[in-house]
Protein chains: 2
Amino acid sequence: MPAWVVVGPGDDAAVVTHERGALSVLTTDVQVEGIHFDRRFVPPAAIGHRALAVSLSDVAAMGATPRAALLSLVMPGTLEVDVVDGILDGVLALAARHRVALVGGNISRTPGPLVVDMTLTGSVHPRRILSRAGARPGDDVYVTGMIGDALVGLQSLQADPTSASPERETCRERYLRPEPRMRAGVLLGRNRAAAACMDLSDGLADGLRQIADASGVGMTIAADALPISTGARAWHEAHGRDPVMASIAGGDDYELLFTAHATQRGRLRGVLKHVGSLPITRIGVVTKGRDLVIRTAADDREVPSGFEHFR
Amino acid sequence: MPAWVVVGPGDDAAVVTHERGALSVLTTDVQVEGIHFDRRFVPPAAIGHRALAVSLSDVAAMGATPRAALLSLVMPGTLEVDVVDGILDGVLALAARHRVALVGGNISRTPGPLVVDMTLTGSVHPRRILSRAGARPGDDVYVTGMIGDALVGLQSLQADPTSASPERETCRERYLRPEPRMRAGVLLGRNRAAAACMDLSDGLADGLRQIADASGVGMTIAADALPISTGARAWHEAHGRDPVMASIAGGDDYELLFTAHATQRGRLRGVLKHVGSLPITRIGVVTKGRDLVIRTAADDREVPSGFEHFR
């Protein structure tokens, strides 16, 4: 345990110290077997990885650094010990990479499906907090990484878990072991390079709507600018779907969606130099009118509300 | 929301400030339908009350003051809206009484039973932390309130939910709406009147063993001194059970079990003046030998290990 853990697992509660001058970020996320994951093709270590990655992504979206985690495992009596060990291995491997201390939690039986509940705390200085409510008309809209790959990974696993082309294997990895964008989140906050930020857990369309609603604005997104991998495009075209509309509906990407004022462009260029190979793509602009528009060469389409997850 | 909540529900994560000089206490507890509660006789508001009370009790046992809560509700699709509202009402009513802010959480579907996961943070100054590991030979052993009432309440509800004598009604209330000992916990910590402390979620026998193991000591408990209500005694005798052995096995009491050095007796008297009508009973002594002994007029018995809950 790091020195800031005063009381670790095994007492009534954990006790931790704070970073000087910092605030605490708190988030909790539940993963339910049969709703959020399918054990037939999500291995135990990936269940653990995803449970923590989802919460890490929330912490990154606030511009914060993760710190302490609490894990609740609600397990059917038939669950094999190997599976439990695998889930814990997946949690602990990702925790170690991001210097997260697992300070507590609990284990319970259930007559129902496996439930994994992760609570994560983080640390952020007051002026570095990224909220969803800061977008202003004229801001540029950006997204990290590729959108929609995780959806293709899931659909490909559902169709045939045993084999995939290299391109679809990449999509499967993005679904099974998403990489939360911790460095990008912290840098955006520290450099004050973003006006509003959130993470994409329920798809880009949902994310656009959340930021627009929280900020009281609209957005116009350029369909041609969207970072959609060739593998994802090919998959959707082979299944007779519009790759753009399918990709903006896809969940589980855990990329960051953010906006930046014109005055923040210089700072954003500074951030881009320090995020390594992670692409950050300008996909549109914030508007005063409240509409959410996907603009193609042919026409403008409204971003559909109330997307159903492909789950 | 109180002023210390910088970002409340609705963003990627909540952000809170800290009390000056204080550390954070973190705890999470899961309540699963069919394991921890039975909806046939636990009303929705009591489900919510218990979910928060369990975590509040953990915070009290650390000598801390509760602060922010995160609630995860994992709900079967068939759950009625009234039930969800009732659970939230139960949580919010108890939260208001203890000035806890519900800063976030999430709602998920499940193909299985209702799961309520509560995460609670608290605030404690470094020198006021109560851990389980501080008991030393010669310490007195104390417990707040009555032990075993909740077990009788549960058994009585299981036998016939519709009616009960006034005495058993009290036991039912103790099961359905336990009162976490927040004031006693904070006062014991603030006055440094306890050497070791924990809360009784799994019964007195389990609590004695936990403190003894964490502190590397044993205990001798006087059976005659145990605070067992006349209602609980009558219930167990009517069912042919030894009231002492049944009561120390009973879970769900959420009383505080603590030890105090001889030098802390004066401070403890000070605490006793400020806990109102809550009884605090001396039940035994900490020993150097590692045995856990229940001493009756007739004989010494070992505290059984591995009690099964009456669930």
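This is a predicted model: local features need pLDDT of at least 70, side-chain atom pairs count only at pLDDT 80 or more; totals for chains, interfaces and linings use all residues.

**Starting from one arginine**

Modeller: Let's begin with B:Arg50, which counts as buried because its relative accessibility is 2%, and the cut-off for that word is under 20%.

Now for some salt bridges elsewhere. Over all chains, the structure holds 30 of them. One is between the side chains of B:Asp12 and A:Arg132, with 3.2 Å from N to O. Check the chain letters there: B:Asp12 is in the loop between β1 (5-7) and β2 (14-16) of chain B, and A:Arg132 is in the loop between β6 (115-124) and β7 (140-144) of chain A, so this pair joins two chains. B:Asp12 has a relative accessible area of 5%, which makes it buried. A:Arg132 is buried as well, with a relative accessible area of 11%.

Another one to find in your viewer is within chain A. A:Asp140 forms a salt bridge with A:Arg282, where the closest N and O atoms are 2.9 Å apart. A:Asp140 lies in strand β7 of chain A and A:Arg282 in strand β11 (residues 280-287), so the bridge ties together parts that are 142 residues apart in sequence. The two ends have their own labels. A:Asp140 is buried, since its relative accessible area is 3%. A:Arg282 comes out at 45% relative accessibility, so it counts as partly exposed.

Let's hop over to chain A and look at how it is divided. There are two pieces: domain 1 (5-128) and domain 2 (140-302). Their C-alpha centres lie 25 Å apart. On the domain 1 side, 24 residues take part in the contact, and on the domain 2 side, 23 residues do. How much surface is hidden there? The two domains of chain A bury about 2,000 Å² between them, with 59% of it on carbon and sulfur atoms. Of the area that domain 1 buries against domain 2, A:Phe41, A:Arg50 and A:Arg128 supply 29%, more than any other three residues.

You'll spot a residue number from the start of our tour in that trio. In chain A, A:Arg50 forms a salt bridge with A:Asp252, and the closest N and O atoms are 3.5 Å apart. Across the interface of domain 1 and domain 2 of chain A there are two salt bridges. That interface also has four residue pairs in polar contact. Which elements give two or more residues to the domain 1 side that touches domain 2? They are α1 (44-61) and β4 (65-76) of chain A. The largest share of that side, eleven residues, comes from α1(A). Sorted by type, the residues of that side are 13 nonpolar, six polar and five charged.

One last stop, back in chain B. B:Leu71 is in strand β4 (residues 65-76) of chain B. With a relative accessible area of 6%, B:Leu71 is buried. Skipping its neighbours within four places in sequence, B:Leu71 is in contact with several residues, including B:Leu88, B:Val91, B:Leu102, B:Val116 and B:Met118.

Technical notes:
Residues are numbered from 1 along each chain as its sequence is written. Chains are lettered from A and ligands numbered from 1 in the order in which they are written. Side-chain values use heavy atoms; hydrogens and water are left out. A salt bridge is a side-chain nitrogen of Lys or Arg within 4 Å of a carboxyl oxygen of Asp or Glu. Helices (H or I, at least four residues) and strands (E, at least two) are DSSP runs, numbered from the N terminus. Buried means under 20% relative accessible area, exposed over 50%, partly exposed in between (1.4 Å probe, protein chains only). Contact means heavy atoms within 4.5 Å. Domain bounds come from an automatic or database domain assignment. Buried area is the accessible area (1.4 Å probe) that two parts lose on being put together, summed over both. A polar contact is a pair of N or O atoms within 3.5 Å; within protein, one must be able to donate a hydrogen and the other to accept it, and residues adjacent in sequence count only if both atoms are side-chain atoms. Ala, Val, Leu, Ile, Met, Phe, Trp, Tyr, Cys and Pro count as nonpolar, Asp, Glu, Lys and Arg as charged, and the others, Gly among them, as polar.
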